[in-house]
Amino acid sequence: MGLVEWIVRLVLSPGVFAPVIFPGLLTALAVLLIVIWAERKIAARVQMRVGPLYVTRHFGGVLQMLADGTRYMFQEFIVPETADKVPYMLAPALALTLAIAPFALIPSAPGFAPVKSPYSLPALLAILASTPLSVLLMGWSSNNKFSIQGAVREAFMTLAYEVPLFLSALSMAILYGSMDLEEIVGRQFLPGALLNPVAAFTFFVAMVMSSGRLPFDIVEGEQEIVAGPYVEYTGIVFGIGMGLAYLKLYALSLLYSLLFLSGWEPLPRALYSVYPGLAGVWLFAKAFTLMLFVVFLRSVYGRYRLDQALRAGWRVYLVLAVVSILLSCLLRVVVNV
């Protein structure tokens, strides 16, 4: 076997293709650029503005975010004198690692998962739940009052949304009798959103809270605390901090599509026969459409105050998450889904 053939086989193996190409790192970066552009473009349309335009003007300014990212690359990385320097520099790398790691557990087609595990659902949720720790570290190590205030907000918000998010996902695991994401998709004779709409709604709201999109962009609070935990960061590291929310939104949108929208079904068998990794086209389309809807909310909702978001998380969505578990138990035991 020649070197070229060995490299091609390595790249096309599920352990490399899924986390690096699709749905992993490269696709995630492309999605990040397009979704941020779409968010600005949609908000501009609603507000009767033009939005991004001048970079690739004939294509609606679609490469504006790439130009912004290039500008970040050439900006100086400044470490404040008052910062706790080691955690200040390590926290962004930790955050990026935790943001990419979930893609190693997301199957994109039957039998095509980089890490096959009967507990892929709780493992994926555990990695996503650890991401706020890096944000707390960024805010604390910056030693800036706005950064620390943003970190404290992140801690409060994490407690408010993680429990409903976990419980609504758990309700679907109960309904399907499995914690394996591949098996969950295989057992959906109807989309999970139709079987348990309470869980679908609760998970969606918790997903928006978790990714910090409007109306829950409380951690960054641009008009109040500038950029929260990221205010002292500069250059490409600042860009990484701002992109974390979109990477998390992408991972959660894929998870939502697997749990509630039948994942890769209907399976494009022609593509699957060519290469199983290509069969995730429907999974990607569902997740991307969901992301566009989430960023559209920026145009029609104002931001919640911190106390309003916490009250909604504990008094409304936690109750709905418990109801979703009871509904799944009822369907599982009485109706025998």
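**Reading helices, burial and contacts**

Analyst: Helices here are DSSP runs of H or I with at least four residues, strands are runs of E with at least two, and both are numbered from the N terminus. This is a predicted model, in which local features need pLDDT of at least 70, side-chain atom pairs count only at pLDDT 80 or more, and totals for chains, interfaces and linings use all residues. Residues are numbered from 1 along each chain as its sequence is written, and side-chain values use heavy atoms, leaving out hydrogens and water.

User: Is Gly 243 buried or exposed?

Analyst: Gly 243 counts as buried because its relative accessibility is 7%. Buried means under 20% relative accessible area, exposed means over 50%, and partly exposed lies in between, with a 1.4 Å probe and protein chains only.

User: How do I read the packing of two helices?

Analyst: Two packed helices are described by the angle between their axes and by the distance between those axes. Each axis is a line fitted to C-alpha atoms over the stretch in contact, and angles run from 0 to 180 degrees between N-to-C directions. In this model, α7 (residues 145-176) packs with α12 (residues 235-260) at about 30°, and the axes are 11 Å apart. That angle makes α7 roughly parallel to α12. The cut-offs are under 35 degrees for roughly parallel, over 145 for roughly antiparallel, 65 to 115 for roughly perpendicular, and oblique for the rest.

User: Which residues of α7 and α12 make the contact?

Analyst: Contact means heavy atoms within 4.5 Å. From α7 come Tyr 161, Glu 162, Leu 165, Ser 168, Ala 169, Met 172 and Tyr 176, and from α12 come Lys 248, Leu 252, Leu 259 and Phe 260. Sorted by class, the contact of α7 with α12 has eight nonpolar, one polar and two charged residues. Ala, Val, Leu, Ile, Met, Phe, Trp, Tyr, Cys and Pro count as nonpolar, Asp, Glu, Lys and Arg as charged, and the others, including Gly, as polar.

User: At what angle do α2 and α3 pack?

Analyst: Helix α2 (residues 14-21) and helix α3 (residues 25-46) pack at about 15°, with axes 4 Å apart. These two helices are therefore roughly parallel as well. Their contact uses Pro 19, Val 20 and Ile 21 of α2 together with Leu 25, Leu 26 and Thr 27 of α3. Five of these residues are nonpolar, one is polar and none is charged. Within α2, the buried residues are Phe 17, Ala 18 and Pro 19, and their cover includes α1 (3-12) and α3.

User: How many residues does the largest nonpolar core have?

Analyst: A nonpolar core is a set of buried Ala, Val, Leu, Ile, Met, Phe, Trp, Tyr and Cys residues joined through side-chain atoms within 4.5 Å. The largest one has 86 residues, and those with the most contacts inside it are Leu 121, Met 157, Phe 203, Phe 204, Met 207 and Leu 259. Helix α12 gives the largest share of this core, 15 residues. Not counting residues up to four places away in sequence, Phe 204 touches Tyr 256, Leu 290, Phe 293, Val 294 and Leu 297.

User: Which residues does Ser 147 contact?

Analyst: Ser 147 lies in α7, and at 0% relative accessibility it counts as buried. Neighbours within four places aside, Ser 147 contacts Gly 139, Ser 142, Gly 228, Pro 229, Val 231 and Glu 232.

User: What should I look for in the backbone?

Analyst: Most residues other than glycine have a negative phi, and most peptide bonds are trans. Here, the bond from Phe 22 to Pro 23 is cis, with omega near 5°, and Pro 23 sits in the loop between α2 and α3. The bond from Glu 265 to Pro 266 is cis too, with omega near -5°. For positive phi, look at Met 48, near 60°, and Ser 262, near 65°. Met 48 is exposed, with a relative accessible area of 77%, whereas Ser 262 is buried at 10%.
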